[in-house]
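Colleague: Please take me through this model feature by feature, giving me the general idea before the case at hand.

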Amino acid sequence: MLNDIFIKPFVDMFTAPDFLLQVLWEGLVSGILYALIALGFVLIFRSSRIFNFAQGIMVVFAALTLVGLHAMGVPAWICVLLTLAVMFGLAVTIERVVLRPLVGQPDIILFMATIGITLFLIGLGEIIFGGENKVMITEELGIPTDSVVLEPWGGLLILEQKDITAVIVAALLVVALLAFLNKTRMGRAIRALGDDHQAALSVGISLQQIWVLVWFIAGIIALVTGIAWGARAGVSFALEVIAYKALPVLMLGGLESITGAIVGGLMIGMLEKLFEIYWGQPLLGGNTETWFAFVLALIVLLFRPQGLFGERIIERV
Amino acid sequence: MKTFTRIAVAATLGAVMGTTAMAEGLYAPNLAYRTGPFAATGIPLMNGQADYMNMLNARDGGIGGVMIDFDECETGYSTEKGVECYEKTKGKAIVTQPWSTGITLQVLPKSNIDEIPILAPGYGFSPMADGKVFQWAFNTPLSYWDGASIILKYLQDQGDLSGKKIAFLHLDHPFGKEPLPYLEQKAEAQGFELVPIPVGLKEMQNQSAQWLQIRRERPDYVIMWGWGAMNAGAITEAVKTKFPMENMLGVWWSGHDADLKIVGEDGKGYKSVSWSFPNPDAPVMADVKQHVVDAGNSQSNEEEMQGVFYSRGLVISAILAEGIAVAQEHTGKAEISPADLRWGLENLNFTEERLEELGMTGMVPPFSTSCSNHTGHSGGWILEWDGAKFVKASDLIMPDSEAISELEMAKAQEYAEANAPWPVNEDCEM
């Protein structure tokens with residue numbers, strides 16, 4: 001038993017390094033997509049202290065809108081622009097109809113409101129687009145669908161070009177987002193709002209504008225995530241479930257930290273794959289990915305309740 | 001204003017009473033799932049079921065002169081919601097169609113008390129075939145163990161399975177685990193290695209870990225017991241990892257046209273066992289088009305209607321309709337009770353002639369049921385994806401009834417003992 005836990009997995013890694021690389025690559029792809037979903041949560045939480053339960057359904061809704069518009073004969077890239085317009089409209093509507101009337105209410109009320117948004121978007125999406133699985137317009141968007149086959153150490157490493165594209169686009173999106181938050185006036189306003197609501201309002205930062213902006217950015221992230229996941233196995237309401245994988249990422253990385261979301265996503269993506277392949281499948285019968293990330297996050301929380309990169313909040317009683 | 005209010009109230013009451021009058025008849029609820037992660041597979045099935053019943057209502061005025069009140073209660077494939085739907089509809093229902101193995105297992109003990117037949121065509125608990133023990137449950141025309149048996153027989157025909165390795169990729173859910181006892185027994189008897197690979201509900205669209213395991217294990221065949229989004233996830237991963245498609249076979253719920261269309265040509269060679277097959281030229285299709293589709297009462301579309309799942313939905317409703325018709329003939333009354341319907345479902349006889357009369361030739365294999373045989377064990381075809389649609393790749397293959405019936409009886413007995421006191425049908429001779 002001790003051999004199976006402490007020696008055999010590492011021997012397997014050493015004797016089949018190409019397979020180890022494949023495991024790490026698959027973990028990286030999953031991890032970067034978890035990180036993207038987590039980023040959507042973090043942005044909204046930072047600016048409004050709202051835990052946006054609707055992030056998962058926003059991924060589905062954005063992807064369905066894109067595919068649905070294309071099915072109506074609209075050219076692919078126009079579909080992307082129109083989908084962004086829809087996500088902007090959604091951000092404005094949520095701010096006007098849901099968030100503005102709830103300003104000043106306890107956080108739990110706002111959280112419950114995002115559950116309401118989730119249920120509403122599920123219903124609306126099903127009425128407009130139906131519940132059938134749909135094919136993502138991968139090729140129409142110019143995303144290559146072939147594989148790159150490498151033979152490291154005489155082995156086999158298969159890299160899907162659409163996964164490579166997803167990793168590159170996600171990385172660029174993260175860089176652009178960081179630049180926006182750090183280098184632009186609006187970005188700094190978002191951060192200021194996250195640091196201190198009252199102080200930010202007192203210097204003339206518009207709460208309404210910022211909320212629309214962060215929900216729109218979350219919508220952009222949702223669209224990119226929806227395209228990347230949808231290209232892997234089609235677009236359906238099952239995609240919403242993947243958003244729950246972002247929860248341990250947030251627990252691990254910290255709810256306010258963009259760096260935490262990225263590092264947490266990558267860590268969970270790669271570690272859960274390594275654990276599943278080298279320990280979970282041989283010793284526990286597999287399917288450990290459903291719980292591994294949560295256990296890892298809970299262990300981290302035992303030592304750092306604010307997550308790896310979260311801010312330590314001390315409240316006087 | 002007062003007059004307006006009165007008119008409005010009268011109109012509302014009239015509408016309500018009218019609806020009630022329209023809804024009278026034999027109440028046949030369907031615990032449907034048109035929403036949630038499994039909606040993609042549910043919608044064409046539910047559409048087929050509803051269209052067939054609507055066609056009977058429009059064409060024949062129902063069955064035996066009584067309209068069928070075919071009602072859907074949405075479960076989202078959730079076991080909890082399914083049980084709620086069962087409780088909500090059981091009052092006047094002559095049947096319950098639970099539409100999930102999880103819901104079926106929950107409803108199974110209740111059926112003895114409520115005395116309502118459970119109709120679970122092609123799903124549920126395989127030992128339900130033993131009608132003496134499971135008096136109220138029907139899983140016609142094939143059980144999951146039958147399906148597993150047909151797949152193994154087909155593979156055996158391709159070459160001896162002794163010494164081979166078979167990966168069993170399945171949803172980590174009662175449905176996915178259902179064929180395991182049979183497969184484990186056969187692995188021991190036939191000398192092949194069985195590698196069970198579970199897929200969690202949250203991992204259905206991200207099965208890279210499962211397919212890495214398949215790459216490492218290098219199985220000769222992959223048998224898939226998938227449902228909903230799991231099917232598309234598995235097939236795209238199989239294409240990605242370049243697993244030979246001709247060595248991958250699925251249960252009938254893993255043979256959905258829309259899932260294969262995602263990979264198109266790359267999925268060529270993938271196979272699925274099936275107890276139904278679309279026949280666009282069948283008279284029943286023309287009747288559905290004339291009485292339901294053209295009348296604007298169908299939720300389906302032309303593409304979906306040509307698929308395997310829509311066609312299966314039609315067959316499922318035809319099984320229920322036939323059970324009702326047989327019961328009406330036996331009792332001599334049009335308004336049958338749930339107990340009458342149970343008799344009808346225990347005396348189904350789908351011969352080639354009867355299928356022709358129903359306009360469904362070639363859409364389901366002939367089968368018959370009895371009080372002791374609630375499945376019928378019709379046999380199934382192996383369907384193959386040709387890049388654009390499923391085509392038949394085999395003649396009808398019959399399951400290994402001898403081995404299955406032994407296991408069925410043993411497990412049924414085990415279930416009855418574990419749930420004692422469990423009433424059995426003493427009047428039924430085996």
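Colleague: What should I keep in mind about the kind of model and its numbering?

Modeller: The model is predicted, so local features need pLDDT of at least 70 and side-chain atom pairs count only at pLDDT 80 or more, whereas totals for chains, interfaces and linings use all residues. Residues are numbered from 1 along each chain as its sequence is written, while chains are lettered from A and ligands numbered from 1 in the order in which they are written.

Colleague: How many helices and strands does chain B have, and which part of the chain does UniProt list as a domain?

Modeller: Chain B comes to 16 helices and 13 strands. An unreviewed UniProt entry lists residues 31-387 of chain B as "domain: Leucine-binding protein"; such positions are given in the numbering used here, with feature names shortened, and the annotations may be inferred rather than shown by experiment. Over residues 31-387 the chain is 44% helix and 12% strand, with the end C-alpha atoms 33 Å apart.

Colleague: In what order do the strands of the open sheet in chain B stand?

Modeller: Strands of a sheet pair through backbone hydrogen bonds, either parallel or antiparallel. Here seven strands of chain B form an open sheet of mixed pairing, in the order β6-β5-β7-β8-β9-β12-β13, where two strands pair if DSSP finds at least two bridges between them. Because β6 (193-199) and β13 (390-392) of chain B stand at the edges with a single partner strand each, one side of each is left without a neighbour in the sheet. Neighbouring strands are turned by 25° against each other on average, direction ignored; axes are lines fitted to C-alpha atoms, for helices over the stretch in contact, and angles run from 0 to 180 degrees between N-to-C directions.

Colleague: Which way do β5 and β7 of chain B run, and what lies across them?

Modeller: Strands β5 (residues 165-171) and β7 (residues 221-225) of chain B run parallel and are joined by five bridges, and I166(B) has Y221(B) as its bridge partner in β7(B). Helix α8 (residues 208-217) of chain B lies across β5, β6 and β7 of chain B, at about 165° to β6(B). In the loop between α8 and β7 of chain B comes R218(B), whose phi is near 50°, a positive value in a residue other than glycine.

Colleague: Is R218(B) buried or exposed?

Modeller: With 9 C-beta neighbours inside 10 Å, R218(B) counts as exposed; a residue is buried if 20 or more other C-beta atoms, placed from the backbone, lie within 10 Å of its own, exposed if 12 or fewer, and partly exposed in between. In chain A, R49(A) also has a positive phi, of about 60°, although it is not a glycine, and R49(A) counts as partly exposed, with 15 C-beta neighbours inside 10 Å.

Colleague: Which residues of helix α4 of chain A are buried?

Modeller: An α-helix has 3.6 residues a turn, so residues three or four places apart point the same way. In α4(A), the buried residues are C79(A), T83(A), M87(A), L90(A), A91(A), I94(A), E95(A) and L99(A). They pack against α3 (55-71), α5 (107-129) and α9 (207-233) of chain A, contact meaning that two residues have their C-beta atoms, placed from the backbone, within 7 Å. UniProt's unreviewed entry gives several stretches of chain A as "transmembrane region", including 75-99, and that span is 96% helix and 0% strand.

Colleague: How many residues of each chain take part in the contact between chain A and chain B?

Modeller: Chain A gives 33 residues and chain B gives 34 residues. On the side of chain A that touches chain B, the elements that give two or more residues include α2 (17-48), β2 and α13 (289-303) of chain A, and the largest share, five residues, comes from α2(A).

Methods: Helix = DSSP H or I, 4+ residues; strand = E, 2+ residues; numbered from the N terminus.
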